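Have the model open as you read.

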Amino acid sequence: MDYCLSKDDIEILQAYVFTQELEVCGYFDVVDNILGTQELTISHESIKEGIKYEDRQACFSLQTEYMFHTHPPSQMSHPSIEDAKLIIERNIKVSVIATRWGIYTIKKKNKDFLKNLKSSGNYKEYIRFIEDVLNNFTNYQLAFGHPKVLIGLSEPMMVDMLNRINSAEKDLQISFHKWDDLIQKEEVRKFKRKKLA
Ligand SMILES: [Zn+2]
């Protein structure tokens with residue numbers, strides 16, 4: 001399944017990243033469109049601003065399996081291991097994470113993913129693997145971090161690290177789009193909605 005977000009919602013997420021000092025989180029309403037893509041729309045009533053890191057689960061709602069949160073510039077510009085574990089362990093299909101570099105979309109493609117991981121005995125190993133890959137992101141960011149743009153972690157490196165995660169388990173897939181690609185391209189202005197994954 002593919003998902004898309006409106007340009008307005010992308011701009012809302014971007015504004016939260018760069019204007020709020022703490023995380024903002026909430027969930028999406030979901031509508032199927034005729035192209036077989038699901039349109040995610042921010043549920044404004046669900047938005048919680050200024051939450052603390054530990055309160056993330058307060059943003060998870062039983063009303064939807066599609067959630068988002070932001071990482072302000074004081075946080076890492078990539079998903080955390082807790083972000084990965086939340087989608088693996090909870091009843092969440094899609095987790096959108098807006099950071100200063102851009103938007104990550106983590107998709108769980110099989111609701112039995114956790115059960116399957118545990119029954120195959122690979123759970124701990126898989127979590128350690130994800131943590132290793134994410135630590136690579138952190139190392140690059142600490143070495144070359146910049147408040148607003150993706151520097152140091154080149155796009156081939158980003159693609160390579162995401163590919164490592166995506167090839168490990170097909171039921172958990174992650175994609176990334178830079179803000180420039182989401183906001184400034186003509187196609188976004190023209191079509192108003194942007195495919196996330
Ligand atoms: Zn996070």
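Is tyrosine 27 buried or exposed, and why? Tyrosine 27 is buried because 25 other C-beta atoms lie within 10 Å; the cut-off for buried is 20 or more other C-beta atoms within 10 Å of a residue's own, with 12 or fewer counting as exposed, partly exposed in between, and C-beta atoms placed from the backbone.

A quick word on the ground rules. This is a predicted model, where local features need pLDDT of at least 70, side-chain atom pairs count only at pLDDT 80 or more, and totals for chains, interfaces and linings use all residues. Residues are numbered from 1 along each chain as its sequence is written.

Tyrosine 27 sits in strand β2, residues 23-32 (strands are DSSP runs of E, at least two residues, numbered from the N terminus). Strands pair when DSSP finds at least two bridges between them. β2 pairs antiparallel with β5 (residues 66-70) over 3 bridges, and there tyrosine 27 has methionine 67 as its bridge partner. β2 also pairs antiparallel with β4 (residues 48-51), again over 3 bridges, with glutamate 23 opposite isoleucine 51.

Next comes β3 (residues 37-42), antiparallel to β2 and joined to it by 5 bridges. Aspartate 32 bridges to glutamine 38 in β3. The two strands make a hairpin with 4 residues between them, and glycine 36 in the turn has a positive phi of about 80°.
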